[in-house]
Amino acid sequence: MKKLWILFVASRYIFKGRSSSPVLAVLGIGIGVLALIVIIAVMNGFQLGFIESILEVSSYHLRLENFPNERINELQEIMLSIPGVNAAVPFNELQVLSRGRRANQHAVLVRGLRENSLQIDRAMEKILVFEEGSFDISNTRNVLLGTELARRLGLGIGDEVSFYSITEILSAQDEGGIADFIITGIFRTGYYEYDYSWAFLNIESISQLDSETDLKLGLKLSNRFHDNSALENAQRKLSDSGFNGFKLSSWRDYNRSFFGALRTEKLFMFILVGLIFIVVGLNIYQAQRRSVLQRREEIALMRAVGGNEKSVQLVFVIDGAVIGLTGSCSGLILGLFIASNIQMFFSLVETIVNFFVGLVNKAAFFLGAGIAGNFEIFSPTIFYLKEIPSRIINYEVVIIFMFGFLSSLAAAWFASRKVAKILPAEVLRYE
């Protein structure tokens with residue numbers, strides 16, 4: 001009860017003070033938290049979209065190679081018996097040239113899968129979005145093309161596309177290495193490289209193009225970050241089953257430089273946007289320091305009637321905590337709302353900007369000047385996306401919230417240390 005005076009004085013300073021500094025500090029922290037949450041959520045949306053396309057479509061979580069093709073079914077059973085392995089998908093792949101209606105050629109990576117691959121691999125099913133047709137490779141003449149590849153070749157559902165295996169053509173004396181396929185599906189992954197240069201065939205169809213293509217086995221884990229333990233278990237089981245000379249690799253071995261670049265990009269974005277908190281923290285420090293100097297007489301009086309140095313210092317620390325908590329909470333709530341409804345938010349911004357662009361266009365029309373086009377933040381003509389992605393990661397939100405709160409608290413604590421230099425006798429002597 002004796003310490004309630006600290007809360008009373010702190011509340012009077014922050015709620016009944018004449019300075020506008022607390023309001024500006026709260027706005028600064030709130031805007032910083034909001035901006036960082038929204039920016040990181042959009043960045044996560046882009047990055048995780050790319051990463052998931054690579055892991056779920058291309059590299060798998062683990063990949064097994066260099067094994068006898070005739071033992072593929074046995075290998076599937078062994079891999080599925082490992083804890084944490086959800087799917088084991090046999091596949092083969094080959095680099096070919098394609099030719100479509102426009103008679104232009106384009107390099108394509110064709111991957112052979114079994115017709116039930118999507119039933120086995122549910123994660124891949126979520127990534128492959130079919131704009132036309134479906135995942136139909138039940139016939140060895142069926143093929144699935146990426147959207148951008150189909151557009152480049154000028155082909156659609158039901159059209160024929162020719163694939164040429166360069167290695168087979170150069171090594172064979174006959175017409176091997178050339179085959180025609182019928183398009184039964186056009187897919188989109190959201191990753192331009194796959195949509196522009198990938199195709200899926202029946203796993204038996206690859207032999208029509210290259211008879212020496214080896215089978216591989218792609219493994220999906222319930223948690224891709226547990227790949228090291230799964231890798232060790234798989235290697236042990238394969239050795240116990242008599243397999244030798246196999247190659248087992250993790251998703252970390254594929255696109256290592258790309259994943260590293262994304263991680264560095266995100267780290268620097270955290271640092272750059274985090275500078276907002278440093279600026280706001282310095283402003284809070286200066287405001288609290290000025291408040292301490294302006295209240296020298298009040299501080300001296302509190303010290304004279306029994307308040308010790310730490311109690312008086314705590315008054316200003318509480319003010320900083322209230323500012324940090326209020327700003328961080330308001331920024332957190334608004335940031336999560338915007339990040340969860342990012343498409344609506346950007347549409348609203350575009351509508352407002354285009355309203356003013358329309359006014360400028362009308363004025364320009366009467367003046368005979370040029371007319372500006374509509375404004376789009378992420379125009380599909382520039383960015384390869386249909387909608388703006390957003391992913392909220394809980395621990396990152398907690399870090400951002402704590403960063404905003406602690407920056408204010410630390411600034412207030414450093415500023416309040418000047419209380420120790422105020423001597424009640426010297427101050428009250430001149431009053």
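How many aromatic pairs does a search of the whole structure find? The search finds 16 aromatic pairs, where rings of Phe, Tyr and Trp (its six-membered ring) pair if their centres lie within 6.5 Å, and where planes under 30 degrees apart count as stacked, over 60 as edge-to-face and the rest as tilted. The views below show a predicted model, in which local features need pLDDT of at least 70 and side-chain atom pairs count only at pLDDT 80 or more, while totals for chains, interfaces and linings use all residues. Residues are numbered from 1 along each chain as its sequence is written, and side-chain values use heavy atoms, with hydrogens and water left out.

View 1. A pair of aromatic rings is described by the distance of the centres and the angle of the planes. F130 and F135 form an edge-to-face pair, with 6.3 Å from centre to centre and 75° between the planes. F130 counts as partly exposed at 22% relative accessibility, whereas F135 counts as buried at 15% (buried means under 20% relative accessible area, exposed over 50%, and partly exposed in between, with a 1.4 Å probe and protein chains only). The ring centres of Y194 and W198 lie 4.8 Å apart with the planes at 55°, so this pair is tilted, and both Y194 and W198 are buried.

**View 2. Arginine charges over phenylalanine rings.** The charged end of R71 sits over the ring of F243, at 3.9 Å from its centre, and R111 lies over the face of F91, at 4.3 Å from the ring centre. A charge sits over a ring if NZ of Lys or CZ of Arg is within 6 Å of the ring centre and within 35 degrees of the ring normal.

**View 3. The salt bridge of K220 and D121.** The side chains of K220 and D121 meet in a salt bridge of 2.6 Å, N to O, a term that stands for a side-chain nitrogen of Lys or Arg within 4 Å of a carboxyl oxygen of Asp or Glu. This pair links distant parts of the chain, 99 residues apart, with K220 in strand β9 (residues 216-221) and D121 in the loop between α4 (117-120) and α5 (122-127). Helices (H or I, at least four residues) and strands (E, at least two) are DSSP runs, numbered from the N terminus. K220 counts as buried at 3% relative accessibility, and D121 counts as buried at 2%.

**View 4. The salt bridge of D227 and R252.** The side chains of D227 and R252 meet in a salt bridge of 2.9 Å, N to O. D227 lies in helix α10 (residues 227-240) and R252 in the loop between β10 (247-250) and α11 (256-294), so the pair ties together parts that are 25 residues apart in sequence. D227 is buried, with a relative accessible area of 0%, whereas R252 is partly exposed, with 31%.

**View 5. The salt bridge of K266 and E396.** The side chains of K266 and E396 meet in a salt bridge of 2.4 Å, N to O. The pair links helix α11, which holds K266, to helix α15 (residues 394-416), which holds E396, across 130 residues, and both K266 and E396 are buried.
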